Amino acid sequence: MTSPTDQLPHRYPFILVDRVLVREPGVRVVAEKLVSATEPYFSGHFPERPLVPGVLMLEMLAQAGGFLEAEPLGGQAIFLAGVQDARFKAPAFPGDRLRLEVAFEDSFAGMPRIQGTVSCEGRELCTAKLLVKKVAP
């Protein structure tokens, strides 16, 4: 299986996909993020009750979407170009194992639109449609 750092240009502390479980290039990806208590953003969000910021759940989905590509991005960056119909239904906490599911939906203005869901132990935490754009270095 492809390592996240082989496929994506992101690096610590901003690579938010730990493992790819299912990969059907151009169709769908199921990935995983284990939320560690040492994630850098927890020191300020929130010290008394740390939780994963919703915007980072969207970024997790966008990064998982990078695995829809058949080949590694090869220096190209992927940018989150649009967010549609985002819904935040429940928070994610340290220790949670997040399941990231993304599927190609269609293209809009030459950019892939993907449908994504973040869940934990069968609970849906976040859903969104994302537009992503590849940009050469």
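The protein chain carries 15 positive and 16 negative side chains, and the centres of these two sets lie 2 Å apart. The model is a predicted one.

The protein chain is built from 2 helices and 6 strands. Read from the N terminus, the order of these elements is α-β-β-α-β-β-β-β. The radius of gyration is 14 Å, close to the 14 Å that the globule rule gives for 137 residues, so the protein chain is as compact as a globular protein of that length. Along its principal axes, the C-alpha trace spans about 45 × 30 × 25 Å.

Inside the protein chain, buried residues account for 42% of the 137 residues. Of the contacts between residues at least 6 apart in sequence, 62% join residues at least 24 apart.

Helix α2 covers residues 54-65. At 1.5 Å a residue, its 12 residues should span 16 Å, and the end C-alpha atoms are 17 Å apart, which agrees. How many of the residues of α2 are buried? The number is 10 of the 12, so α2 is largely enclosed by the rest of the structure. The buried residues are L56, M57, L58, E59, M60, L61, A62, Q63, A64 and G65.

What do the buried residues of α2 pack against? Their partners are the strands β2 (28-34), β3 (77-88), β4 (97-108), β5 (111-120) and β6 (123-135).

Definitions and conventions: Residues are numbered from 1 along each chain as its sequence is written. This is a predicted model: local features need pLDDT of at least 70, side-chain atom pairs count only at pLDDT 80 or more; totals for chains, interfaces and linings use all residues. Side-chain values use heavy atoms; hydrogens and water are left out. Helices (H or I, at least four residues) and strands (E, at least two) are DSSP runs, numbered from the N terminus. The radius of gyration is taken over C-alpha atoms; the globule rule is 2.2 Å times the number of residues to the power 0.38. Buried means under 20% relative accessible area, exposed over 50%, partly exposed in between (1.4 Å probe, protein chains only). Contact means heavy atoms within 4.5 Å. Lys and Arg count as positive and Asp and Glu as negative; His and the chain ends are not counted. The place of a charge is taken as NZ of Lys, CZ of Arg, CG of Asp or CD of Glu. The expected span of a helix is 1.5 Å times one less than its number of residues.
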